[in-house]
Amino acid sequence: MSTALRQLVLKIHSRCDLACDHCYIYEHGDSTWASLPKVMSEETAARVARRFSQYAVDQGLEEVLVILHGGEPLLVGPRRMRAICERLIEELSPVTSLDLRIHTNGVTLNRTFLRLFDELGVKVGISLDGDRAANDRHRRDRRGRSSYDRVLRAVELLSEPEFRHLYQGLLCTVDVANDPVAVHDALVALDPPRIDYLLPHATWDHPPGRPVTVSGREETPYADWLLAVFDRWDEQGQATPVRLFDSVLSTLRGGPSLTEALGLEPSDLAVVETDGSFEQADSLKTAFDGAAATGYDVHRHGFETLAAHPGVLARQTGIDGLAAECRSCPVVDSCGGGLYAHRYRSGHGFRNPSVYCADLKSLIQGVAERVTSWDTSPVVRSDDELAYEQSVLNRTVLAGLEPEGPVWEAFTALDASPAGAAGLDDVLRYPYVRGALLAAAAGRGAGAARLGATAVAAAVRSRTEVRVSWRGQGPRLHLPSLGTLTLGGMRGSRGGGAAVEGRIEVVVHGDGRTLDVRDEDAGVKKTVVLRQGEDAWRPLEVLHDGVLLDDADPHRDCFGVPDAGRLSEAEREAFSGLWKEARRLLESRVSGQTRRVVAVTPLRPGTGVHLCLHGEGALGVGIDTSPEELALEVFRATRQGWLRALRECTDLTLVGSPAGQLLDEADRSAAEAVFAWSPGDRDHARDNAGRALDAIESGHLTGSGREVAARLRAELAAGRCG
């Protein structure tokens, strides 16, 4: 089962007005650009939009990301830019929430373009490699002239109050010949919402440039450069988000990767060239001529065909798709083998470690050593302390997203009253909201619609009167932890419901049940009462112990396996019975062990039981799971979820060391001992737990980790767990 393609890179112009000598499109192994049309025709753009729209409907995608790219996309000019954007909005906005962006070198960015982007809601990312000296080392035009002043003018324009909300961030390609601190300070001085540091594209056939040294040790100049930036970033209070560092910090503590360049998350990226041909990730162009080609195009094929391409599937296999050296590496969860293109070696394909392997390992271990906290945190002793710290984390992520004005004002209004603040905390703690926040922080998905829905849900739960608006909304408005509102009757239906193409405004009344939903552009308003039996409202079902059966949240796809979709009434009844029987069996062994389960999502048959990737609180359960298996897995998963939540708030081991895996292994074996069918199986499980604990180097356990290990040893000695 392939991962749905949610991100589309649309190459609308195949040439560039700069001649950067590190460009992977024009300066590496691939030469297909020379045979492509310079500009994507409006007919091809329309076909792409229709194909992606139909795919979004077929896959039930609640949100998609489209990035206009090149070459240099601004070379299409304002008229064609408008036509392409309007066609994308026209086709996609009625069926899903569209996050539309452009990645540009900024050389020709001006007020005309920015007013157009403001009108159409297009966010802008700009490439800039640091100060003048660093930037002009590679980023010059075809006459060899500096691009720095022109790009700086673009950034200054984008930073003006009129356009600041469009500013997505800066992308910087690392060159170890540049001063790392000077580069970082120059970028931070421009006050970007985010900085992306990118390793220059390279393969084993064409390795990256490295300074000549005679030290006798394995050199890691790219890690050294990035760690110097990390130290400066940390010294500055990590005030400007840096995607690479945020991703390493997230994965080291068991969270998701926030960048394609690291981590084990499956790729969900599609690329369409100016002639309409489908490609794999265009970073593959650095490997060899035609490496990104698929043989498919939008004129003859749909996105579902691309999603089934072997090359696309190869980037969705997680750890199983890595080289043996990578699978056994202690930092594999953070590194993920590095960027797929950087693994290429002639005669061996892509199943190799990254050409940056030593640098990535040194970078991740260097960050781990710098950030590990050796103290004993109160969260390991108190569930209340853990819940509080989780709320702080969620609010920190939320604040870093810089939601658009009306959405942020709604959050501020909620925080103005004790009831509203409590309601907001309740919704932010919901596991799938946490996943949505992290996805938005990583630049994936349409954050405005999801954040707006989160504010509405918090207002409903707390019965706080709130007005919130945002641009773009799919045919359904899902209120996390509550249910789904179908926006039928506001505009013409398509794909199972109507959507708001412009701005949507929602007013929550003080009774917490009545909502006024208005399409601001069309001037259409609809009043809905959230109650059982309301045609437009489908509440989440509450299982017998207060756990939500959530088969609707657009961010429930966080289990690494496909979910079962929306259940029929008969399927819901059967699933409820399965959960009830498993809970009875669980309570016969240990008491209260589902207390940390908030939501359960049905998964496809044969998938088993899985813990949400974003910490404790949500379980995915295969609908053919037996009650006996479910009881054990709920017990094991809730314990593991607790450990994962602890790791998000404190360090249990030296970050990234094998000690973390051993602690998990000890906990899993201890849980199995509780459900063992025979005394022999029980003793075997206890022995496994003890061996795992004994294998942990004492110097790799923090104060908090020693507390957890001591608790496990006490449980094993007493013959009980839980």
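Predicted model: local features only at pLDDT ≥ 70, side-chain atom pairs only at ≥ 80, totals over all residues.
Local features here need pLDDT of at least 70 and side-chain atom pairs count only at pLDDT 80 or more, while totals for chains, interfaces and linings use all residues. Residues are numbered from 1 along each chain as its sequence is written, and side-chain values use heavy atoms, with hydrogens and water left out.

We begin with the sheet, whose strands (E, at least two residues) and neighbouring helices (H or I, at least four residues) are DSSP runs numbered from the N terminus. Five strands in the order β17-β18-β19-β21-β20 make up an open sheet of mixed pairing, where two strands pair if DSSP finds at least two bridges between them. Because β17 (541-542) and β20 (609-611) stand at the edges with a single partner strand each, one side of each is left without a neighbour in the sheet. Further in, β18 (residues 548-549) pairs with β19 (residues 599-603) in the parallel sense over two bridges, and leucine 549 has valine 600 of β19 as its bridge partner.

Helix α20 lies across β20 and β21 (618-622), running at about 10° to β20; axes are lines fitted to C-alpha atoms, for helices over the stretch in contact, and angles run from 0 to 180 degrees between N-to-C directions.

The axis of α20 (residues 627-649) also comes within 9 Å of that of α14 (residues 383-400), crossing at roughly 60°. The contact (heavy atoms within 4.5 Å) involves Asp383, Leu386, Glu389, Gln390 and Leu393 of α14, together with Trp642, Ala645, Leu646, Glu648 and Cys649 of α20.
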